[in-house]
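Me: I have a model open and want to learn how to read its features. Can we go through them one at a time?

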Amino acid sequence: RVTRNFIDNLPKAELHVHLEGTLEPELRLKLARKNHIDIGTDSLETLKATYHYDTLASFLAVYYSALDVLQTESDFYDLAFTYLKKVHENNVQHVEMFFDPQAHTSRKISFETVINGFSKAAEDAKKFGVDAQLIMCFLRDFSKESARKSLEAAKPYQDKILGIGLDSDEHNNPPLKFATAFDNAVSEGYHITMHADVDQVDSIDHIKQALEIIGVERLDHGTNIVENPDLVDFVSTNKIGLTSCPNSNQFLSQDMKGAEVKTLLDRDVKVSINSDDPAYFGGYINDNYWSITKNYELTQEQVVQLAKNSFETAWISDSQKNNYM
Ligand code: ES4
Ligand code: ZN
């Protein structure tokens, strides 16, 4: 039987976490007070009671409105550094963190403020041995022109950004909408990944576009490829990483996709376990490993394979992988 202690002590990488999704109500309230932002209440209990969501759209509404309190470089630093301390506590050696610059530039916070705060926190995490990298996401419910501008804004900071991702509301926003932006990102030397959220309308179509046309190196979520044996073969053969997030899937789809993860492990797919938006879905990475292990009775071998997959599909050199594994 796998214990919580075994999970806590297992070295791992986290590849699917949104920095904006690590904003706990406590820090939100503290920043609201500091920046004199009206968030409707000055009580932590009352604030926590406003966190209602059971679909992607209802979740995203709360997630974006919470960001109003992030104003200065030090706010972005505090958000990321608070999360990175959790990363260390969770025995995560390497983390690739999503951030959503358009969620900030659209409310008149400069790209520079965001990237400087986040990248300084990543730099400071080296002090406790955590290797932290950034993945910039395009918001798929924004225009492709807005994505182009965001990639342009990133140019002076390219050394601080490892890859490009795609997140936010997937409905009617297929991968192909961003084909040019992702082609340009690859030409500029970025790694690429995309969300393929579970239980979306047109999900399999979107996954095919992402894998076969855009050529992503990983898929975020994407575990419903189990429906399609050809896609499972493709992902397994091409060693595409799938970043599954059990607590998030449980919250938004009422199903943590444990059966899918087990099937994918059996088929040699490089699936990993991640936290997505830990401040919103009830837990950091070890809580997610524990949820799926407990509810789906994973063996120690399966848990170790999940952690191994996280390093194998991380965007790090082979020698770095050998150091961790
Ligand atoms: C997200 Cl769970 C999820 N799905 C899509 N976009 C997101 N951004 C933050 N969390
Ligand atoms: Zn996500």
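Me: Start with strand pairing. Which residue in β3 is the bridge partner of glutamate 96?

Reply: Glutamine 133 is that partner. Keep in mind that this is a predicted model. Strand β2 (residues 92-99) and β3 run parallel, joined by six bridges.

Me: How many bridges join β3 to β4?

Reply: Five, and these strands also run parallel. One pair to look at: isoleucine 135 stands opposite glycine 163 in β4. β3, helix α8 (residues 144-154) and β4 form a right-handed β-α-β unit.

Me: Why is β3 described as largely enclosed by the rest of the structure?

Reply: Count its buried residues. Seven of the nine in β3 are buried, so the strand is largely enclosed.

Me: What does that say about the core?

Reply: The general idea first. In soluble globular proteins, nonpolar side chains tend to be buried together. Here the largest nonpolar core has 89 residues, and Ala80, Met97, Phe99 and Phe118 have the most contacts inside it. Strand β3 (residues 131-139) gives the most to this core, with seven residues. Phenylalanine 99 touches Leu134, Met136 and Cys137, among others.

Me: Is leucine 166 buried or exposed?

Reply: Leucine 166 has 27 other C-beta atoms within 10 Å, so it is buried. Leucine 166 lies in strand β4 (residues 163-167). Its contacts include Cys137, Phe138 and Met194. The C-alpha atoms of leucine 166 and cysteine 137 are separated by 4.9 Å, though the residues are 29 apart along the chain.

Methods
Residues are numbered from 1 along each chain as its sequence is written. Chains are lettered from A and ligands numbered from 1 in the order in which they are written. This is a predicted model: local features need pLDDT of at least 70, side-chain atom pairs count only at pLDDT 80 or more; totals for chains, interfaces and linings use all residues. Helices (H or I, at least four residues) and strands (E, at least two) are DSSP runs, numbered from the N terminus. A residue is buried if 20 or more other C-beta atoms lie within 10 Å of its own, exposed if 12 or fewer, and partly exposed in between; C-beta atoms are placed from the backbone. Two residues are in contact if their C-beta atoms, placed from the backbone, lie within 7 Å. A nonpolar core is a set of buried Ala, Val, Leu, Ile, Met, Phe, Trp, Tyr and Cys residues joined through C-beta atoms within 7 Å. Two strands pair if DSSP finds at least two bridges between them. A crossover is right-handed if, with the strands pointing away from the viewer, the path from the first strand over the helix to the second runs clockwise. Lists of a residue's contacts leave out its neighbours within four places in sequence.
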